Amino acid sequence: MNYICHSGGALGADIEWEIQGKKYGVYTIAYSFYNHNQKGKNPKILAVSELEEGYQHVLEANKTLKRNLQGTFQYVRNLLSRSWFQVKNSDSIFAIAMLANQSQVKRGTGWAVQMAIDNKKPVFVNDQIKEDWLRFDYEHNMFVPMGGVIPKLTENFAGIGTRDINDSGKNAIKQVYENTF
């Protein structure tokens with residue numbers, strides 16, 4: 001099997017997914033844009049038209065997230081827009097993050113997670129503070145604990161998450177790869 005990880009190439013969880021995946025032969029695509037300082041080994045530079053496509057999904061996600069996008073610098077818009085391609089090109093999302101509430105994820109990772117939810121993709125989040133995997137339950141429109149079960153990767157997944165990854169988050173990534181392979 002040829003596993004592919006779709007990432008943003010950012011320091012923290014994105015790079016940890018790439019580093020751990022390499023041990024198992026997982027190829028990582030790091031979505032990026034002109035003048036973006038990303039750390040992934042296989043950057044995919046998005047065109048302006050692709051970033052515009054992504055921003056439409058950011059706006060859609062914001063209908064649920066209700067965050068203030070007024071005055072957002074183009075660079076930040078591009079960061080948010082690139083998240084769409086992690087979601088669009090994967091069939092499941094695995095995120096290391098912290099929950100904002102029962103149905104949303106905090107900070108930048110929350111944008112990609114919401115785009116995945118908007119597109120009804122399987123979403124798994126490891127809350128590195130609570131040290132537990134949760135899955136998004138579409139019937140109840142909320143994250144539910146997996147009761148200690150570690151999810152298995154699909155062949156074409158997004159491995160994303162917080163820049164502020166801690167040892168618990170790193171361990172969660174290792175466990176998912178071990179459970180899959």
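Student: With which residues is Gln114 in contact, leaving aside its neighbours within four places in sequence?

Tutor: In this predicted model, Gln114 is in contact with Ala61, Thr64, Leu65, Ser103 and Gln104. Contact here means heavy atoms within 4.5 Å. Because the model is predicted, local features need pLDDT of at least 70 and side-chain atom pairs count only at pLDDT 80 or more, while totals for chains, interfaces and linings use all residues. Residues are numbered from 1 along each chain as its sequence is written, and side-chain values use heavy atoms, with hydrogens and water left out.

Student: Why is Gln114 called buried?

Tutor: Gln114 has a relative accessible area of 4%. Buried means under 20%, exposed over 50%, and partly exposed in between, with a 1.4 Å probe and protein chains only. The value for Gln114 therefore falls in the buried class. The residue is placed in helix 4, where helices are DSSP runs of H or I with at least four residues, strands are runs of E with at least two, and numbering starts from the N terminus.

Student: What makes helix 4 largely enclosed by the rest of the structure?

Tutor: Nine of the ten residues of helix 4 are buried, so the helix is largely enclosed. The buried residues are Thr109, Gly110, Trp111, Ala112, Val113, Gln114, Met115, Ala116 and Ile117.

Student: Why are helix 2 and helix 4 called roughly perpendicular?

Tutor: Helix 2 and helix 4 pack at an angle of about 90 degrees, with their axes 9 Å apart. Axes are lines fitted to C-alpha atoms, for helices over the stretch in contact, and angles run from 0 to 180 degrees between N-to-C directions. Angles under 35 degrees count as roughly parallel, over 145 as roughly antiparallel, 65 to 115 as roughly perpendicular and the rest as oblique. The pair is therefore roughly perpendicular. On the side of helix 2, the contact is made by His57, Val58, Glu60, Ala61, Asn62, Thr64 and Leu65; helix 4 supplies Gly110, Trp111, Gln114, Met115 and Asp118.

Student: How do the residues of the contact of helix 2 with helix 4 divide?

Tutor: They divide into five nonpolar, five polar and two charged. In this scheme Ala, Val, Leu, Ile, Met, Phe, Trp, Tyr, Cys and Pro count as nonpolar, Asp, Glu, Lys and Arg as charged, and the others, Gly among them, as polar.

Student: Which residues have the most contacts inside the largest nonpolar core?

Tutor: A nonpolar core is a set of buried Ala, Val, Leu, Ile, Met, Phe, Trp, Tyr and Cys residues joined through side-chain atoms within 4.5 Å. The largest has 33 residues, and those with the most contacts inside it are Trp111, Val113, Val123, Val125 and Phe143. Helix 4 gives the most to this core, with six residues. Apart from this core lies another, of 17 residues, among them Val26, Trp133, Leu153 and Ala172.

Student: What does Trp111 touch, not counting residues up to four places away in sequence?

Tutor: Trp111 touches Val58, Ala61, Asn62, Leu65, Arg67, Leu69 and Leu80.

Student: Which hand does the crossing of helix 1 and helix 5 have?

Tutor: The crossing is right-handed. A crossing is left-handed if the near helix is turned anticlockwise from the far one by less than a right angle, and right-handed if clockwise. Helix 1 and helix 5 pack at an angle of about 35 degrees, with their axes 10 Å apart. The contact involves Ala13, Glu16, Trp17, Gln20 and Gly21 of helix 1 and Lys170, Ile173, Lys174, Val176 and Tyr177 of helix 5. These residues divide into five nonpolar, two polar and three charged.

Student: How do you know that helix 1 is mostly covered?

Tutor: Eight of the ten residues of helix 1 are buried. Among them are Asp14, Ile15 and Glu18.

Student: Why does Glu131 count as exposed?

Tutor: Its relative accessibility is 58%, so Glu131 counts as exposed. Lys120, at 61%, is exposed as well.

Student: How do you know that Ser92 is buried?

Tutor: Ser92, in strand 4, has a relative accessible area of 1% and is therefore buried. Leaving aside neighbours within four places in sequence, Ser92 is in contact with Pro122, Thr154, Asn156, Phe157 and Ala158.
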